[in-house]
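Subject: Handing over a structure

Dear colleague,

I am passing on the structure below, and I would be grateful if you could look it over alongside my notes.

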Amino acid sequence: MSSKQPALVPPEHLPLRPLWLCRACGQPWPCGRAKLALLTSYQDSRLNLLLYLSGRLHEAIDDLRRLNPSTTGDVRNLFDRFLGWPARHRGRRPSTAEPQTPEET
Ligand SMILES: [Zn+2]
């Protein structure tokens, strides 16, 4: 069941591990292009997008922690970087499947 994946991020905008910077732009991944590609690929399934991103987030935490064990406090930033933007990006199409999550301040 794992063979048919939608086309995701263009290969040049994949993350350069273990730094998790975009191979093309050098921005912290996911860069703008990667986000656009992900939104397009997962436009009908925000849940799958979040699952995908949380998988990448896990890998990123592992990689970055190994690189620099002193930055474990950055997990919150990483969380926002990987999973915060789709929530802010709730586009024009109203989604019935999306639970109402109150914004934390
Ligand atoms: Zn990029």
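In these notes, the expected span of a helix is 1.5 Å times one less than its number of residues, while helices (H or I, at least four residues) and strands (E, at least two) are DSSP runs, numbered from the N terminus. Residues are numbered from 1 along each chain as its sequence is written. Please bear in mind that this is a predicted model, in which local features need pLDDT of at least 70, side-chain atom pairs count only at pLDDT 80 or more, and totals for chains, interfaces and linings use all residues.

The protein contains three helices and two strands, and along the sequence these follow the pattern β-β-α-α-α. Of its 105 residues, 13% are buried, where buried stands for 20 or more other C-beta atoms within 10 Å of a residue's own, exposed for 12 or fewer, and partly exposed for anything in between, with C-beta atoms placed from the backbone. Contacts, for which the C-beta atoms of two residues, placed from the backbone, must lie within 7 Å, also reach along the chain: among those between residues at least 6 apart in sequence, 49% join residues at least 24 apart.

Helix 3 covers residues 75-88, and because its 14 residues at 1.5 Å a residue should span 20 Å, the 19 Å between its end C-alpha atoms agrees with expectation.

Helix 2 (residues 46-67) packs with helix 3 at an angle of about 160°, their axes being 9 Å apart. Such axes are lines fitted to C-alpha atoms, for helices over the stretch in contact, with angles running from 0 to 180 degrees between N-to-C directions. The two helices, helix 2 and helix 3, are therefore roughly antiparallel, since angles over 145 degrees count as such, under 35 as roughly parallel, 65 to 115 as roughly perpendicular and the rest as oblique. On the helix 2 side the residues making this contact include L49, L53 and L57, and on the helix 3 side they include L78, F82 and P86.

The loops deserve a separate look. Most residues other than glycine have a negative phi, and most peptide bonds are trans. In the loop between strand 1 (15-16) and strand 2 (21-22) lies P18, which is joined to R17 by a cis peptide bond with omega of about 5°. W20 is found in the loop between strand 1 and strand 2 as well, and has a positive phi of about 60° although it is not a glycine; with 21 other C-beta atoms within 10 Å, W20 counts as buried.

Leaving aside residues up to four places away in sequence, P28 touches W20, L21 and R81; P28 and R81 are 53 residues apart in sequence, yet 8.4 Å apart in space, C-alpha to C-alpha.

Finally, R66 of helix 2 is exposed, with 9 other C-beta atoms within 10 Å, and lies 8.8 Å from P18 in space, C-alpha to C-alpha, at a sequence separation of 48 residues.
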